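Welcome! Let us take a walk through this structure together, starting with one chain and ending where two chains meet.

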Amino acid sequence: MDITVNILLTIATAATPLLIAAIGELVVERSGVLNLGVEGMMIMGAVGGFGAGYLTGSPWIGLLAAIALGAVFSLLFAVMTLSLATNQVATGLSLTLLGLGLSGMMGTSFVGQPGARLPNLDIPGLTAIPVIGRLLFGQDPIFYISIALTAAVMWFLFKTRTGLTLRSIGDSHTSAHALGIQVIRYRYLAVIFGGACAGLAGGHLSLVYTPQWVENMTAGRGWIALALVVFASWRPWRVLAGAYIFGAVWIGQLHAQAFGIPVPSQLLSSLPYLATIVVLVLISRNKRLTMMNTPASLGQPFVPDR
Amino acid sequence: MMRLELVKRPQRSMLFSALSPFIAFVLTIIAGAILFALLGVNPLKAFQIYFLEPISQVWQLHELAIKAAPLILIGVGLSVCYRANIWNIGAEGQFILGGIVGSSIPVLFPQFEGPLVLPLMLLFGMVGGAAYAAIPALLKARFNTNEILTSLMLVYVAQLFLDWLVRGPWRDPKGFNFPQTIQFNDSAILPELMPASGRANWGFVFALVAAVLVWILMSRMLKGFEVRVLGSSPRAGRFAGFGINRMVFFAFMLSGALAGLAGISEVSGAIGQLQPVISPGYGFAAIIVAFLGRLNPLGIVAAGLVLALTYLGGEAVQSALGISDKVARVFQGMLLFFVLGCDTLIHYRIRLIGFAAPKLESAPKLEEAR
């Protein structure tokens, strides 16, 4: 029983950064903007979170720094694509490339240093309950944030007027503009929210998952988060399910490597990436369904006419 | 608080079309100067080490050509994709597969020597890269799967595959357990161009030839026209009878073949054996090269040389000033940012508007108009 609980806990830890980054990107894409810079914002959050936690000794300050750095970094993307109407695909790519480079440079002196780790929740009495105690009351704080965030985004998108407006912008920015909605302002806020989420996801990696700084430690998780949004057909609860499936794949291959299964470890390591491809193929096979779900102005630059 | 406003130009500005890469370069220099100053280094001294010292001697120009060759080869191929609005960002993986498939000849048949070896290796490299690029193309054409994500995922798979090969079945049995294959025999090594003055090899010539050929393809042949039409207006392309799916395969496999050629040229020219890592991110840097060269094959040659210099400069400041050579990646990322930003000037005029200024022209009231 203990082993099962432990495995479930590690799956949750592996799924949390994917979930947070994907939920952030979901909001961005629902507003009609495709930000391929998730990997870059995430790694900036990771290095910023580690650095602030390491220098101040407080993982909580690290957490705030990760969120702030992700948000500030996404602002670059917002200015380019929203104010200067640049190509979103190319700009997102350059954000990722810049993030990987900058984080490598900023983190040079952090390599090999022991970092600060966010403490797990520990409620006297509750956490000690067998089996469910640790699952419900003994995880890291970001886990709870991720679940709350998913619920909040679900509520925001589908139960509030602002959420409806945001979705309408994603489906037709010209109509929204004609109705007098501030398209660009909404999109700025959405992009920055996505950046803050990606930064938080990166902070989870360097403050909880492996509390140290390793170059390129996001290892493609930002891209997998992007794939998750497509997989989820832009629906928050499906992102949650997808993130946990991927968390399970990630942990499963690590356990398989540890058990010494007679399969090359590289093959096991490539499973999350191969699984991403398979899942994308399965979900996009039905062309009509995909077109129905995709925000209609996704990825198209918008310049308000005056 | 200020606000930017874009005003569409009646037609694209030729002036900014030509100037934008240069403006972007100047902006990168300025941002770089700030970066160096923040790192506590005199920017002038840093720039001298970064941009001038790496190309001050003849043998160093050879090193520049070695670094520029793969960037140009890959960038030229990617430019065709991007013109067709097809987003292959997995060139790094196609580069690696080209290196692996091309190397299969000298690794598996070390006794096989003679003038046939190299051409076969190069061919295998191109086939390997093209075949690997055909995977995302097939998935996009057949299942409508987003090619950005699949091609990128395949990069990680390719890196792990190479890692497995050189630590497992292809490891040199006499190599003291180092993760590398045997050294290639002499007939499997890409010859140097001018051995007397430096190490540059035929890879650079391949790059120039590829750039000219693709330039002819894009500007003088129907296929190039097809690429541009499908890229700018898929609907018009369909009416003209151009097949989008065929174009997906064409663009992916052409760029894959060129990336594969770059991979095998790098392995057989600069390295001489397979190692766990054979590319310092050429496949991603080439994306920047493609855009900096304005998706024009001849512009890409120049852009490839610039990006190659950022790699050499990064190494130079690392050894001279003790700054991480990651600074090269930062320069490359900034360069792409500024290029994309400057490209806006081609299509738009930019107006700065203060919020205090009157925002609305006094529109006539409805009653007055009546």
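Two residues are in contact if their C-beta atoms, placed from the backbone, lie within 7 Å. With that in hand, look at chain B: of its contacts between residues at least 6 apart in sequence, 79% join residues at least 24 apart. Please keep in mind that this is a predicted model, in which local features need pLDDT of at least 70 and side-chain atom pairs count only at pLDDT 80 or more, while totals for chains, interfaces and linings use all residues. Residues are numbered from 1 along each chain as its sequence is written, and chains are lettered from A and ligands numbered from 1 in the order in which they are written.

Chain B has 14 helices and two strands; these are DSSP runs numbered from the N terminus, with helices (H or I) of at least four residues and strands (E) of at least two. Along the principal axes, its C-alpha atoms fill a box of roughly 95 × 60 × 35 Å. Of the 370 residues in chain B, 51% are buried, meaning that 20 or more other C-beta atoms, placed from the backbone, lie within 10 Å of a residue's own.

Now zoom in on helix H8 of chain B, residues 222–232, where B:Val227, B:Val229 and B:Leu230 are buried. These residues pack against helices H3 (58–83), H7 (203–220), H9 (234–239) and H10 (244–271) of chain B.

Finally, turn to the meeting of the chains. Chain A and chain B each bring 40 residues to the contact. On the side of chain A that touches chain B, the elements giving two or more residues include helix H3 (59–83) and helix H4 (88–106) of chain A. H4(A) gives the most, with twelve residues.

Methods. A residue is buried if 20 or more other C-beta atoms lie within 10 Å of its own, exposed if 12 or fewer, and partly exposed in between; C-beta atoms are placed from the backbone.
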